[in-house]
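Hello,

Here is the structure I promised to pass on to you. Have a look at it first, and then read on for what turned up in it.

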Amino acid sequence: MRILFVAAPFRSHLYVQTPLAWALRTAGHDVRIAASPDLADDIAHSGLTGVTIGPLVSLSAHMAASAPDEAPAAPAPPESVTAAGPVPPRAKSHQSQYPLGDPVAEMASNVRGWRGMFNPDEAFHDLVRFARLWRPDLIVSDTFTFTGSVAARVTGAAHARILFGADGLGQLRKACHEFWAHWRDDPAAPPSPADPLREWLEPILRGYGQEFDEDAVLGRWTLFPMPPWIHRPAGVSYIPLRHVPFNGPSTTPPWAYEPPTRRRVCITLGLAHREGGFGHSASTRDLLDAVADLDIEVVATFTRDQLEPGQRIPDNVRVADFVPLNVLLPTCSALVHSGGAGAFAAALEHGVPQLIVPTMYWSEKWWGPVAMANGVEERGAGVYVADADQLTAKELRDHLVRVLDEKEFTENAARLRTEMIAMPSPNDIVPVLEKLTAEHWGTPR
C-alpha cells in the first residue's frame, strides 16, 4: 500500500506519528509524510520521506493571532443548554466539563486557529495535487489537519485521524451536535447558530466536486495512542494504539547512564510550547524553588531562554537543554511535566509517577493535558498539581514529597505500565490498517 501521513507543524506531533509510519514502512508499505516546510528537516532526521505542503508557518504569530481577546461572542443558547459557568478560581479542571459555555462559539474560535496554523489555503492545493499524483491508498492525518481529509475525499483514499492526546475535536463536535439538537427541540429559541467548521470546509470540498459530511471532520477511523481511561467521547470509531515514545535524533550525555546516588526527579516543559513561545507555562523559578531544599537529584530540561534572568540554579539541580526521556526516566522516581503527550507516554512506559502542571492557553483543553492529569490522578499514579497560572513552589514541593514518599504512587505507576505494554503496538496495528483499507477499496491493496 501507499500510506500518506499528514502532520501538524509541531515536532511533538510528528513524533507521535513516527513509530506507526516506520512500522508500516518496515512491513513493506510505501510511506510519505506531508507537512509544512518547517518540519522538512525533522522528517528527514526521522529517516522517513517528506513532502512539503503550504508555506512556512510562524507558530508564535499564528498562536498569538488565533487566541481570542475575550470569550467568543455567540447568540445566547436556550436555557436548557446554558453551562453552569466557569470553573471557580484554583479549582482543577476535568476534561468531561468542556466546553464551558457555548460550544459553537468555541468551535468558531478554534476554526480560526486551525485555518491559519494547520490548514493554510496553499496546503489544501499542494496536498491534493500531490495525492492525485501519488495516489495513496490510505491517508493518516493529525486530528487538526483537515487538508488530509479533503485529499482523501478527492482521491478516494481511506482516511484515518491519529490523535496525540484526548480527542478534543471529537468532544467539541459532539457538544456542538447536542447544542444544535437542543435548539431544534426548543420552539421558542431564535435561529440556530451555523456550523463554523462546515462553513469553512464545505466550499473547499465543493471546489473539488465533493460534499461535506462528518467523515470529513472525524475521519473513517481514529487511531487513539492513549490508554483507554483517557477521556474520549462516545460515537467515534477508535482504534487503540500504544504510544511508543520517539525522542528524535539526539546524543545522550554519559552521566545519564550513571545510577543516581539519590532519588532522581526530572522536570520538563516539553517541546511544543518552548518552541512556539505561546501560552502560560509554569515558572521555571517556581519549579526549581520547589525542589531546592529536598534531598533529591533533579534534572531540568530547560533551555537558556526558559530560565528567568539571574535565576539561581539550586545545588541539587542539573540543567540540560535536552536528554532523551527513554534514557533518563528509567533512573527517575518522579516526572514533573506540563502534560505533553510524549512525556506522558514515556512516564507510562517506564512506570514513573507523574506530577502534571498543564500549560495554560485558550485552546489547551482540546489538546489533552487536563485529560492526562485527570487520568493519572484518578488512578493514583500521580498528581494533577495545578494549572500553570496557579502554581506555587510550596504546592509543588508538598505534592512531590508525597509522591516520592508514598509507595502507592510507584506501585500504581507500575500497574499502568503493565496495562500500557498490553496495548496494541504500532506493529500490531499494521494488519488492522491493511484490512480496513482493503475493505474500503473493496479489493486487496
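A word on terms before we start: helices here are DSSP runs of H or I with at least four residues, numbered from the N terminus. Please keep in mind that this is a predicted model.

Helix α13 spans residues 341–349, and seven of its nine residues are buried, which leaves the helix mostly covered. The buried ones are Ala341, Ala343, Phe344, Ala345, Ala346, Ala347 and Leu348. Among the elements that cover them are the strands β8 (264–268), β11 (334–337) and β12 (354–356). Helices take part as well, including α12 (325–328), α14 (369–378) and α16 (407–421). Just after α13 comes Gly351, with a positive phi of about 65°.

Now to α14, which is itself one of the elements covering α13. Why is α14 described as largely enclosed by the rest of the structure? Eight of its 10 residues are buried, so the rest of the structure encloses most of it. Those buried residues are Pro369, Val370, Ala371, Met372, Ala373, Asn374, Gly375 and Val376. The cover over them includes α13, β12 and β13 (382–384). A glycine with positive phi follows here too: Gly380 comes after α14, with a phi near 70°.

Next, the nonpolar interior. In soluble globular proteins, nonpolar side chains tend to be buried together. The largest nonpolar core in this model has 72 residues, and Trp114, Leu197, Trp200 and Ile230 have the most contacts inside it. Helix α5 (residues 121–134) gives the largest share of this core, seven residues. Another core, of 29 residues, lies apart from the largest one, and its members include Leu20, Ala21, Leu48 and Leu433.

How many cavities of 30 Å³ or more does the structure hold? There are six.

- His13 lies in helix α1 (residues 11–26). His13 has a relative accessible area of 4%, so it counts as buried, the limit being under 20%. Setting aside residues up to four places away in sequence, His13 touches Ala8, Asp142 and Phe164.
- Arg262 sits in the loop between β7 (238–240) and β8. Is Arg262 buried or partly exposed? Arg262 is partly exposed, because its relative accessible area is 34%. Apart from residues up to four places away in sequence, Arg262 touches Asp295, Ile296, Glu297 and Asn316. The side chains of Arg262 and Asp295 are joined by a polar contact of 3.2 Å. Arg262 and Glu297 are 35 residues apart along the chain, with 5.9 Å between their C-alpha atoms.

Key. Residues numbered from 1 in each chain as written. Predicted model: local features only at pLDDT ≥ 70, side-chain atom pairs only at ≥ 80, totals over all residues. Heavy atoms only, no water. Helix = DSSP H or I, 4+ residues; strand = E, 2+ residues; numbered from the N terminus. Buried < 20%, exposed > 50% of the residue type's maximum accessible area, 1.4 Å probe, protein only. Contact = heavy atoms within 4.5 Å. Core = buried A, V, L, I, M, F, W, Y, C linked by side-chain atoms within 4.5 Å. 1 Å grid on protein atoms, 1.4 Å probe; cavity = no way out; pocket = protein on both sides within 12 Å on 5 of 7 lines; lining within 4 Å. Points joined across faces, edges and corners; volume = space filled by probe spheres on them. Polar contact = N/O pair within 3.5 Å; in protein donor to acceptor, adjacent residues only side chain to side chain.
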